[in-house]
Amino acid sequence: MRVALFVPCYVDQFYPKAAIATLELLEKLGCEVHYPKNQTCCGQPMANSGYEHLTGGCNNLFVDNFAGYDYIVCPSGSCTLHIKEHLHADGKEEQATEIRKKVYELTEFLVDILRVKQLSASFPYRVGLHQSCHGLRGLRIAQMSELVAEPFSKPAQLLDMVNGLELVPLSRQDDCCGFGGTFCVVEEAVSAKMGKDRVADHVSHGAQYITSADLSCLMHLEGILRRQNSDVKVIHVAEILNHSMQ
Amino acid sequence: MSTTTTKDHPHLAADFNRDEPRVNWHDETLWWVRAKRDIAAHKLPEWELLRETASQIKFNVLSNLSTYLEQFEANATKNGIIVHWAADAAEHNQIVHSLLEQRGITKMVKSKSMLTEECHLNDYLKDHGIDVIDSDLGERIVQLANEPPSHIVLPCIHKKKEEIGDIFHEHLGSAKGESDPKILTETARQHLREVFLTRRAALTGVNFAVAETGEFVICTNEGNADMGAHLAEIHIASMGIEKLIPERKHLGVFLRLLTRSATGQPITTYSSHFSKPQDGSEIHIIIVDNGRSIQLGREEFRNSLKCIRCGACMNTCPVYRKSGGHSYHTAVAGPIGSILAPNLDMKKYADLPFASTLCGSCSNVCPVKIDIHDQLYKWRQVIVKEGYSPKAKTMAMKAMALTLASPTLYRMGGKTGRLVFKYAPFAVNNKLNPWYNQREMPKAPDESFGEWYAKRKGAKNS
Ligand code: SF4
């Protein structure tokens, strides 16, 4: 199974540890992982700001980097969703279509494709799971509370396999954290308030760590936690799943 | 972000956020309503099927709108209802005024109608010497406070009971400092009873108009629409062209969805059917377009006309909850307002499609399954293409697109650090970095993943 690793720009620049954990985890689980080195960004920051028409260059580059693999795996629900919904490229539409079908967020890849049933990870802490909206409602890696339907959560299913980890309950299980791409600066006041409230929900339930399948949300929540001088840390779900695995 | 002189959503929301306890209270109050909606919805195993059915019925209506409108007009006329057509807000207001003027009526009682808010009817009538009293309790409160409603179902949800006590003390003579909801409600009841008994004209909204029968249905929890309409000699009903449903049997679908979505009640307290005037009185219905046919013509945004105005998308929206209804500076606030308003005036409301994180909760709570968050995304593209985006933002986006399209530039940009943040602060013309105002910046690691990988022993770069 030839798997291409897509590391979004901000993960590459700010959170390399999460990408390293993703790579190691996939390799331990038997994947042949390739990292196309000329990759940059999925184009979402422009597209969500109304500049989808400027993403042609990014899209072309993405297709050149990622065409031809069995799967493309990404440790970010948001970027995965953007590729799934919006990747098109002039003259390369066939490859773009293939990529849209083959791109997976990490936890959905582990659950749906690799069908991971057990992990040897251990992480003896109380952890709050932040369900990122793009993962949750966009990719459906978990059930959203608005729908009248059976609950499930792929990240929670995996975290349950981790030794010693205790998932803390939340008062609002899937309220948005307020990051929202450029929303976080355009609407600074509301964005920060939303983030503070998300953090407070986790903290009040005794979380020592906040985890998520999306680092963009975690970057925002981390900024708030650090401003509050909180001991609570953020950690990408890949880092937990890869933690002290034999 | 908007180029208009009035304050835009980010600024109005920032104003609202100056009083954090108030934001908490607003947020919790609306979340409580959302939680009630969840309980009500989860009691019906067929909920998702109901939503799908409602969505399809509305799809049929929008696809055959002219047919259903003509059918409705013919049947309503047969019933003795007088039908008027208004192309826009001005025409609607003139029709109302002329109906009153012809009869020498200078005082009218009104029940809740977001369409008349959209048309600014109260202001228009006031300028023409007509006194209008809103009879929905929440609407009456905001009317006395000289404010527009902040929510389409809960018009004064932004006001605390102490503030309502002050307003009633000033305008209705209740005791100073009185904030007991029971006593305040009784004060309003006495005041409104007098209004109902003496007003010769009543205006109501319309929740559903049935093409098959020519009747229309108004849903209220206070019975105030009936109270006004039953005693008045002329009942004027204002409806948008999209309020139609084909047959009476479809009502069951919508009545089951409407109040569960709105407040978590199984059904509205009063679902009043009006099919023909009583002896000695008249019913007039004004069917209003006011931009709706333009929206109907915009294929990507057409679905927004399915809206039954339940307000569920507002209650669930974290941005609405934490920025307050008035920050949307339009009659219909929240996610649905943000996709309706740009149709009416793209320049004035260029900020609204950006007042969202695109979390998608609105689309999934919506009882008629409007793809609200996808439309927000699409409006952003339209607004930028039409040139209603700040120049600085466009320049930053162009630079960012260029950098991200080139691996070399990207790697260089990454080295100089913080690529994302380098381009992020464009949004407000402000020397300060808006991220840093309430958040720490992420710590830049020594090397990027790409750099680590290049050094990794045995790495085969593909
Ligand atoms: S868009 Fe949907 S959820 Fe929002 S008010 Fe309309 S019907 Fe209700």
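Here's a quick briefing on the chain contact, the cores and the ligand shell. Keep in mind that this is a predicted model. Chains A and B bury about 7000 Å² between them, and the ligand has 14 residues around it.

**Where the chains meet**
- Chain A puts 73 residues into the contact, and chain B puts in 85.
- Carbon and sulfur atoms give 60% of the area buried between the two chains.
- On the chain A side, A:Phe14, A:Val148 and A:Arg227 lose the most area to chain B, together making up 11% of what that side buries.
- There are 8 salt bridges between chain A and chain B.
- A:Asp197 forms a salt bridge with B:Lys322, and their closest N and O atoms sit 2.5 Å apart.

**A:Pro16**
- You'll find A:Pro16 in helix α2 of chain A, which covers residues 16-28.
- A:Pro16 has a relative accessible area of 9%, which is under the 20% cut-off, so A:Pro16 counts as buried.
- Leaving out residues up to four places away in sequence, A:Pro16 touches A:Val11 plus B:Pro445, B:Glu447, B:Ser448 and B:Phe449.

**Nonpolar cores**
- The largest nonpolar core holds 80 residues, and A:Phe6, A:Leu26, A:Leu241 and B:Phe449 have the most contacts inside it.
- A second, separate core has 78 residues, including B:Tyr320, B:Leu376, B:Val384 and B:Tyr410.
- Setting aside neighbours within four places in sequence, A:Leu26 has contacts that include A:Val3, A:Cys31, A:Phe109 and A:Leu114.

**Ligand shell**
- The closest residues to the ligand are B:Cys307, B:Cys310, B:Gly311, B:Cys313 and B:Cys366.
- By type, the shell splits into 12 nonpolar, 1 polar and 1 charged.

Terms used:
Residues numbered from 1 in each chain as written. Chains lettered and ligands numbered in written order. Predicted model: local features only at pLDDT ≥ 70, side-chain atom pairs only at ≥ 80, totals over all residues. Heavy atoms only, no water. Near = heavy atom within 4 Å. Nonpolar A, V, L, I, M, F, W, Y, C, P; charged D, E, K, R; others polar. Helix = DSSP H or I, 4+ residues; strand = E, 2+ residues; numbered from the N terminus. Buried < 20%, exposed > 50% of the residue type's maximum accessible area, 1.4 Å probe, protein only. Contact = heavy atoms within 4.5 Å. Core = buried A, V, L, I, M, F, W, Y, C linked by side-chain atoms within 4.5 Å. Buried area = accessible area lost by both parts, 1.4 Å probe. Salt bridge = Lys/Arg side-chain N within 4 Å of Asp/Glu carboxyl O.
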